[in-house]
Amino acid sequence: MDSTDAHVGIIMDLAWGCFYAGALNAVVQLGIADRLATGPKTAEALASEANAHPLSLYRVLRVLASKGVFTEDDERRFHLTPAAQLLCTGGPFSMQGMVQLGTLPPTMEAVAHLPHTVKTGQCAFEYRHGVGFFEYLSQHPALGEVFDKAMAGVSDADNRAVAQAYDFGAASRVVDVGGGLGGLLVEVLRIYPSVHGVLYDRPEVVGQPGRIAAAGLDARVDRIAGDLFTSVPEGADIYLLKRILHDWADDTCVTILKHCRRAMAAGGRVLVIDALMPPGNTDHPSKALDLCMLTVVPGRERTEAEFEALFQAAGLKIARVIPTANSVVILEGIAA
């Protein structure tokens, strides 16, 4: 392949990426990864189990195998790969929810309006649907459940990495602001038996049993429903903001940080857990995620300097930037 062909391939993969996303969604809907968990199978066998069209299923599996999702052997049987295992139900770090979220019609319709965002700066999702993404989810509870599932699945690796990277031993009360189904608190409480947790999120979220009940930790967690844009529970030693600020514009982020600054106990900490945007032309997941933020919500992925500006505006300063074993870092904020 000459250099022109290689460049054509790059553009084709980007331009036709919606078809790869559609293929992933199809195999998730049909439970193909689960059906391969017991061993390799042909497309015909899988189609029989899933009540699908054999040739159509084969063509979908073939293209995904070319991208490292599944492999096809000489007997035309398909096998799980490490990437395909992430599509299994209930598996560690399952990405089923993320695939479904990315291929929902409201999301795909917003992507079609990205040129409007580039021209005007207005969020494409809000332009297409007339309301912001999170308001839309509140109006469509079934989609909200998909979102919560997606966030819980992709967050599992972050949760463990954060709990292992930061010393929570001196804290008695930790509030997870916008903590979803409670996965991060579970990891922290498992390692630090003296910590008491507070799960703070929307009423429809904190009302779910979530990860906390499944881990048998209900007695060590208070569930508080509220609005992080107006206040957060008072008197905690540590406030966690994991992948929260990247959803919002700078002024909103400053407001959230100010609430945490006012509420925290003397000597308290605010831990912002997010990815840092790298400089230059490096291929990095944060750059693709930033495009998602640009399209769907008013947020963005940020550099360390951009986080520093947010902290300063909220009366905080970054004491440390702590790496984790995953793609996120912990920005530890203290009173300025």
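Colleague: What does Arg76 count as, judged by its relative accessibility?
Modeller: This is a predicted model, in which local features need pLDDT of at least 70 and side-chain atom pairs count only at pLDDT 80 or more, while totals for chains, interfaces and linings use all residues. Residues are numbered from 1 along each chain as its sequence is written, and side-chain values use heavy atoms, with hydrogens and water left out. Buried means under 20% relative accessible area and exposed over 50%, with partly exposed in between (1.4 Å probe, protein chains only). Because the relative accessibility of Arg76 is 41%, this residue counts as partly exposed.

Colleague: Where in the chain is Arg76 found?
Modeller: Arg76 has a positive phi of about 65° although it is not a glycine. Helices (H or I, at least four residues) and strands (E, at least two) are DSSP runs, numbered from the N terminus. In those terms, Arg76 is found in the loop between β2 and β3.

Colleague: Which residue of β3 stands opposite Thr71?
Modeller: Two strands pair if DSSP finds at least two bridges between them, and β2 is joined to strand β3 (residues 77–79) by two bridges, the two strands running antiparallel. Within β3, the residue that stands opposite Thr71 is His79.

Colleague: Why is β7 largely enclosed by the rest of the structure, and how many of its residues are buried?
Modeller: Both faces of β7 are covered, with Ile238, Leu240 and Lys242 buried on one side and Tyr239 and Leu241 buried on the other. The strand is largely enclosed because the number of its residues that are buried is five of the five.

Colleague: How many bridges does β7 form with β8?
Modeller: On β4, Asp176 has Leu240 of β7 as its bridge partner, and three bridges join β4 to β7 in a parallel arrangement. Turning to β8, Ile238 stands opposite Arg269 there. The pairing of β7 with β8 is parallel as well, and the number of bridges it spans is five.

Colleague: Which residues does Ala110 contact, leaving aside neighbours within four places in sequence?
Modeller: Ala110 is found in helix α8, and it is buried, with a relative accessible area of 0%. Leu30 is 80 residues away along the chain, and the C-alpha atoms of Ala110 and Leu30 are separated by 25 Å. Contact means heavy atoms within 4.5 Å, and on that basis the residues in contact with Ala110 are Ala124, Phe125 and Thr295.

Colleague: How far apart in space are Leu294 and Phe125, C-alpha to C-alpha?
Modeller: Leu294 is found in helix α17 (residues 285–296) and is partly exposed, with a relative accessible area of 37%. Not counting residues up to four places away in sequence, Leu294 touches Leu114, Thr117, Cys123, Ala124 and Gly299. Leu294 and Phe125 are 169 residues apart in sequence, and their separation in space is 9.2 Å.

Colleague: Which residues of α13 are buried?
Modeller: Helix α13 (residues 183–191) has seven of its nine residues buried, so it is largely enclosed by the rest of the structure. The buried residues are Gly183, Leu184, Leu185, Val186, Glu187, Val188 and Leu189.
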